[in-house]
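Please look through the sequence and the model shown here. The paragraphs that follow lead through some of its parts in turn.

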Amino acid sequence: QSLVISAAQLEQSEAALNGNLARVAAARARLADTVIRAPFDGRTGFRRVSVGSYVSPGTVITTLDDTSRIKLDFTVSETYLYLLRRGLAIAASTSGLPGREFTGEVTNLDSRVDPVTRSIPVRAELPNDDGLLRAGMFMTVRIEGDVVPTLVVPEEAIVPEQGRTYVFVVA
């Protein structure tokens, strides 16, 4: 058995098929718009919208933080500028995690010194494999500069005399 239809009926059926395929593609696109995907893995914060709410572009749904490495921004007085360089080791601690010290390294120095505070903004990165550190934490930073052999004498050994200071060595 063979089916015979006119050219007009064939064109009409093809147009209906193309229209239905376009409707399926539009439905798939609408369905894809209901799923939100982040461009990276991370930890989400509180939900800012109710379930079932209509969300338009630009609406904050939640926060998403990649906390595998923490960027730590701090300032250092310009008097220590000669010590600062990329790769310099730092140690940081926070009162929220007593007894813990986190180590990292300086990754960037700002190109300018703040004219008001006379300090330079510095950025370091800390690995956060255990996920204890959170974005926005206040930390105390210790810069671990190069060790330089230095002669140290007690203050009592310094003798001021006529505007000059002396240290006597017993041989």
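R118 is found in the loop between β5 (102–109) and β6 (119–127), where helices (H or I, at least four residues) and strands (E, at least two) are DSSP runs, numbered from the N terminus. R118 is not a glycine, yet its phi is positive, about 55 degrees. With a relative accessible area of 39%, R118 is partly exposed; buried means under 20%, exposed over 50%, and partly exposed in between (1.4 Å probe, protein chains only).

The model is predicted: local features need pLDDT of at least 70, side-chain atom pairs count only at pLDDT 80 or more, and totals for chains, interfaces and linings use all residues. Residues are numbered from 1 along each chain as its sequence is written, and side-chain values use heavy atoms, with hydrogens and water left out.

Both β5 and β6 belong to an open sheet of five strands, in the order β3-β6-β5-β4-β7, with antiparallel pairing. Two strands pair if DSSP finds at least two bridges between them. The edge strands, β3 (69–77) and β7, each pair on one side only. On average, neighbouring strands of this sheet are turned by 40 degrees against each other, direction ignored; the axes are lines fitted to C-alpha atoms, for helices over the stretch in contact, and angles run from 0 to 180 degrees between N-to-C directions. Strands of a sheet pair through backbone hydrogen bonds, either parallel or antiparallel. Between β3 and β6, the antiparallel pairing covers nine bridges. T75 has P121 in β6 as its bridge partner.

Another antiparallel pair is formed by β8 and β9, over four bridges. Here E161 has R164 in β9 as its bridge partner. The hairpin has two residues between the strands, and Q162 takes a positive phi near 50 degrees in it. Q162 lies in the loop between β8 and β9 (164–167), and is exposed, with a relative accessible area of 78%.

On the surface, L151, V153, I158 and V167 form a nonpolar patch, with about 360 Å² of accessible area together. Accessible areas come from the Shrake-Rupley method with a 1.4 Å probe; for residues, only the protein chains shown count as cover. Patches are made of residues with over 30% relative accessible area and no salt bridge, like charges being joined within 9 Å and nonpolar side chains (Val, Leu, Ile, Met, Phe, Trp, Tyr) within 5 Å. A salt bridge is a side-chain nitrogen of Lys or Arg within 4 Å of a carboxyl oxygen of Asp or Glu. V153 is partly exposed, with a relative accessible area of 35%.
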